[in-house]
Amino acid sequence: MRLTRPVRSLTIAAAAAVAATAVAAGTAAPASARVADREAGCVAEGSGPAAAARGGFAGVDHREVTARQQAAIERRTQRLLDQRGSLRAGATVTVPVYVHVMRDNQGRGDVTNTQINQQITVLNKTFAGGESSAAANTGFQFTLAGVDRFNNTTWHNDRQSASYRKQTRQGGANALNIWLVDFDYLGIATFPWDYKKNPGIDGIRVHYASLPGGSIANYNLGETATHEAGHWFGLYHTFQGGCTTTNDEVADTPAQGGPTTGCPEGADTCSLPGLDPIHNYMDYSYDSCYTQFTPNQATRTQQMWAAYRA
Ligand SMILES: [Ca+2]
Ligand SMILES: [Ca+2]
Ligand SMILES: [Zn+2]
């Protein structure tokens, strides 16, 4: 945790502790709302874009998943894949994207259509493996299906988020809804295995100033949306579970003791094989440090799609 710079670092904590800390840190939604959403948030220090963070010191940007729940999710996913079959290898899926610009009553928090188009371009580039020769092409492409804008300070501050999402969400399980808001996080995501029981809130909430050209230093290349979309496709943080062999359920992402801040080349926080995957979109590194999803992450996104979103 740093007080003066944006950080994404955190330690794993129980949902209740996360929510309580979120309140202490002045986040917009009450603890009960976040728990009710079955999400935990990235907890940031301070407030506003300067202090926004992908991760804070005691939370994650999705609902907390215990090791036991994680194992149950894996079993459920495998059962569904056994029933439905996996996606055809090499298949390309185009995901419709609905962008909801939640401005305040004075119109603050707007983004330009150019920024939105640039954000779609970043999603396409990052999910296609376009930032590194080591990066996998996930097979997912994105097309802008709609943009709407609201002037509502409550919604802009991400208050009553379950309500505003249910009122504005578009499309089915395959549609990526992105709500652009102003909160003490860089982003918060829902998981695909939660869609069925709560479809109205499915999607990602992203800080409007994290879009390409936004004002959040080190986090304004649009890769917060890539990270949150990774969760939406069913990827965990590369530091999920910490320095354990189970880790993030992905074999080719070396286990990490905890999240990365910045871009510390050569970092190795876990004695298990491999250096920390600091360039992975599912770590907490700077946008400029992010360059890849791995082949096994690509496979996992495809399996999750077949199980929950196809
Ligand atoms: Ca791993
Ligand atoms: Ca290691
Ligand atoms: Zn995350």
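Reader: Leaving aside neighbours within four places in sequence, what is Gly203 in contact with?
Author: In this predicted model, Gly203 is in contact with Arg165, Arg169, Leu176, Asn177, Ile178, Trp179, Thr190 and Trp232.

Reader: Where is the place of Gly203, in terms of strands and loops?
Author: Gly203 sits in the loop between S4 and S5.

Reader: Is Gly203 buried or exposed?
Author: Buried. The cut-off is 20 or more other C-beta atoms within 10 Å, and Gly203 has 27 of them, so Gly203 counts as buried.

Reader: And how far apart are Gly203 and Trp179?
Author: In sequence, 24 residues; in space, 7.9 Å from C-alpha to C-alpha.

Reader: OK, switching to the core. How many residues are in the largest nonpolar one?
Author: The largest nonpolar core has 51 residues. Those with the most contacts inside it are Leu176, Ile178, Leu180, Ile204, Ala225 and Ala229.

Reader: Which elements supply at least two residues of it?
Author: The strands are S1 (93-103), S2 (140-151), S3 (176-181), S4 (187-189) and S5 (204-207). The helices are H4 (113-127), H7 (223-232) and H8 (295-309).

Reader: What does Leu180 touch, then, beyond four places away in sequence?
Author: Leu180 touches Val99, His100, Val101, Met102, Val111, Val206 and Tyr208.

Reader: Why might nonpolar side chains sit together like that?
Author: In soluble globular proteins, nonpolar side chains tend to be buried together.

Reader: Let's do H7. How many of its residues are buried?
Author: Ten of ten, so H7 is largely enclosed by the rest of the structure. Among them are Glu223, His227, Glu228 and His231, along with Ala225 and Ala229.

Reader: What do those buried residues of H7 pack against?
Author: They pack against H4, S3, S4 and S5. Just after H7, Gly234 takes a positive phi of about 100°.

Reader: And H3, how many buried residues does that one have?
Author: H3 is hardly covered: one of its 18 residues is buried. From first C-alpha to last, H3 reaches 26 Å, close to the 26 Å expected at 1.5 Å a residue. Just after H3 comes Gly85, with a positive phi of about 85°.

Reader: How do H3 and H8 cross?
Author: Their axes come within 9 Å and cross at roughly 75°. The range for roughly perpendicular is 65 to 115 degrees, so H3 and H8 are roughly perpendicular to each other.

Reader: Which residues make that contact?
Author: From H3, Thr77, Leu80, Leu81 and Arg84; from H8, Gln303, Met304, Ala306 and Ala307. By class, the contact has five nonpolar, two polar and one charged residues.

Reader: Which residues of H8 are buried?
Author: Gln297, Ala298, Arg300, Thr301, Gln302, Met304, Trp305, Ala307, Tyr308 and Arg309 are. The buried residues of H8 pack against H3, S1 and S2.

Reader: How far does H8 reach from first C-alpha to last?
Author: H8 has 15 residues and reaches 20 Å, close to the 21 Å expected at 1.5 Å a residue.

Reader: Zooming out, how many helices and strands does the protein have?
Author: Eight helices and five strands. From the N terminus on, the elements run α-α-α-β-α-β-α-α-β-β-β-α-α.

Reader: What share of the 310 residues is buried?
Author: Buried residues make up 49%. Also, among contacts between residues at least 6 apart in sequence, 68% join residues at least 24 apart.

Methods: Residues are numbered from 1 along each chain as its sequence is written. Chains are lettered from A and ligands numbered from 1 in the order in which they are written. This is a predicted model: local features need pLDDT of at least 70, side-chain atom pairs count only at pLDDT 80 or more; totals for chains, interfaces and linings use all residues. A nonpolar core is a set of buried Ala, Val, Leu, Ile, Met, Phe, Trp, Tyr and Cys residues joined through C-beta atoms within 7 Å. A residue is buried if 20 or more other C-beta atoms lie within 10 Å of its own, exposed if 12 or fewer, and partly exposed in between; C-beta atoms are placed from the backbone. Helices (H or I, at least four residues) and strands (E, at least two) are DSSP runs, numbered from the N terminus. Two residues are in contact if their C-beta atoms, placed from the backbone, lie within 7 Å. Axes are lines fitted to C-alpha atoms, for helices over the stretch in contact, and angles run from 0 to 180 degrees between N-to-C directions. Angles under 35 degrees count as roughly parallel, over 145 as roughly antiparallel, 65 to 115 as roughly perpendicular and the rest as oblique. Ala, Val, Leu, Ile, Met, Phe, Trp, Tyr, Cys and Pro count as nonpolar, Asp, Glu, Lys and Arg as charged, and the others, Gly among them, as polar. The expected span of a helix is 1.5 Å times one less than its number of residues.
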